[in-house]
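Please read them with the structure open beside you.

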Amino acid sequence: MAQLFMRFPGGVQRALTLSYDDGVEQDARLIEIMKKYGLKGTFNLNSGEYAPEGTVYPSGQIHRRMTKRQVTELYADSGMEVAVHGLTHPWLEQLSAVECAQEIIKDRENLEEQFGRIVRGMAYPYGTFNDAVVRILGDCGIAYSRTVHSTGSFDIPGDWLRLPATCHHNDPRLTELAERFLAPFWHPHPQLFYLWGHSYEFEENHNWERIEDFAKLLGGRKEIWYATNIEVHDYVEAYRSLVFSADGRRLYNPTAFELFYEGYGQSGSIQPGETKMLAR
């Protein structure tokens, strides 16, 4: 039986995605940097916490939420994903099941109405959750939810509703991890670099050069697929839906994605609805 390994769109082995929270003014500068270097990612928003229109923040305030109008203008045509972060940014595990579901569903409904798209992603407010919260997320139609756990690895996620990241942008290993991500791999497995944080931290820590250097190092490379969180989720789950015959010689793609693979002695892609004979 031929052993195949997933490849990302275009047949590449590496993918990169970013995830940033709270819908703050500094996201505008972050998105500028991401676009400059061709990066993509997801912005997790609390639609019940938008600043009132006309808000003027006092000098020196770092965490500056945007108004609804500003949020719409910034993200709508940015190429970035918007995702749930809880209506009011609560500790979800401290709420009743009904309150927890309302926080998720109402935020999802608001964002879908605001942006005219289906919203299925999420990041946990404060990074906290329990098994009950995870079950509620699934019932609310959430496909993935990012935690604040950093693995320091590039493994493909196994549990999307307990989704870890590779690292936070302030991780002292950031450059080391980025260089390791670019190095030739000794194994055939696909690799995902998942970076997370809050853009206001760059202003707070006076280190905007940190994300600029990261983007410059990893951006604009043909060997990397740049994607939002939901794009990564949907592609990986589509690949996991491939159907093999009992002898492993035939492969059927029941999804709407062109899916790429590489194995010992063969590589290629399979079109939506196609059944394909594999080399032995």
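1. Ground rules. This is a predicted model, in which local features need pLDDT of at least 70, side-chain atom pairs count only at pLDDT 80 or more, and totals for chains, interfaces and linings use all residues. Residues are numbered from 1 along each chain as its sequence is written, and side-chain values use heavy atoms, with hydrogens and water left out. Helices (H or I, at least four residues) and strands (E, at least two) are DSSP runs, numbered from the N terminus.

2. Helix 1. The buried residues of helix 1 (residues 27-37) are Asp-27, Leu-30, Ile-31, Ile-33, Met-34 and Tyr-37. They sit on the same side of the helix, because they cover an arc of only 160° around the axis. Buried means under 20% relative accessible area, exposed over 50%, and partly exposed in between (1.4 Å probe, protein chains only). The arc is that of the directions from the helix axis to the C-beta atoms. Glu-32 and Lys-36, on the other side of helix 1, are exposed.

3. What helix 1 packs on. Its buried residues pack against strand 2 (14-21), strand 3 (41-45), helix 2 (68-75), helix 6 (200-204) and helix 7 (208-218). Contact here means heavy atoms within 4.5 Å. Gly-38 follows helix 1 and has a positive phi, near 80°.

4. Helix 4. Val-133, Val-134, Ile-136 and Leu-137 are buried in helix 4 (residues 131-139). These buried residues fall within an arc of 160° seen down the axis, so they line one face of helix 4. An α-helix has 3.6 residues a turn, so residues three or four places apart point the same way. Arg-135 and Asp-139 are exposed on the other side of helix 4. The buried residues of helix 4 pack against helix 3.

5. The ends of helix 4. At the start, a side-chain oxygen of Asn-130 comes to within 3.2 Å of the backbone nitrogen of Ala-132. Just after helix 4, Gly-141 has a positive phi of about 85°.

6. Strand 1. Which residues of strand 1 (residues 4-7) are buried on each face? Leu-4 and Met-6 are buried on one side, and Phe-5 and Arg-7 on the other. Strand 1 runs antiparallel to strand 12, and four bridges join them. Arg-7 has Phe-260 as its bridge partner in strand 12.

7. An open sheet has the order 10-11-14, with antiparallel pairing. Two strands pair if DSSP finds at least two bridges between them. Strand 10 (243-244) and strand 14 (275-277) are at the edges with a single partner strand each, so one side of each lacks a neighbour in the sheet. Strands 11 and 14 are joined by three bridges. Arg-250 stands opposite Met-277 in strand 14.

8. Asn-253. This residue lies in the loop between strand 11 (250-252) and strand 12 (259-263). Asn-253 is buried, because its relative accessible area is 0%. Its side chain makes a polar contact of 2.8 Å with that of Thr-255. A polar contact is a pair of N or O atoms within 3.5 Å; within protein, one must be able to donate a hydrogen and the other to accept it, and residues adjacent in sequence count only if both atoms are side-chain atoms. Beyond neighbours within four places in sequence, Asn-253 contacts residues including Leu-242, Ile-270 and Glu-274.

9. Thr-88. Thr-88 is in the loop between strand 4 (81-84) and helix 3 (97-115). Its relative accessibility is 34%, so Thr-88 counts as partly exposed. The side chains of Thr-88 and Glu-103 form a polar contact (2.6 Å).

10. Cores. Tyr-75, Phe-193, Ile-211 and Phe-214 touch the most other members of the largest nonpolar core, which has 51 residues. A second, separate core of 29 residues includes Met-6, Ala-165, Trp-225 and Val-236. A nonpolar core is a set of buried Ala, Val, Leu, Ile, Met, Phe, Trp, Tyr and Cys residues joined through side-chain atoms within 4.5 Å.

11. Cysteines. The structure holds zero disulfides, a disulfide being a pair of cysteine sulfur atoms within 2.5 Å. For Cys-100, the nearest cysteine sulfur is that of Cys-140, 7.1 Å away. Cys-100 is at 1% relative accessibility, so Cys-100 counts as buried.
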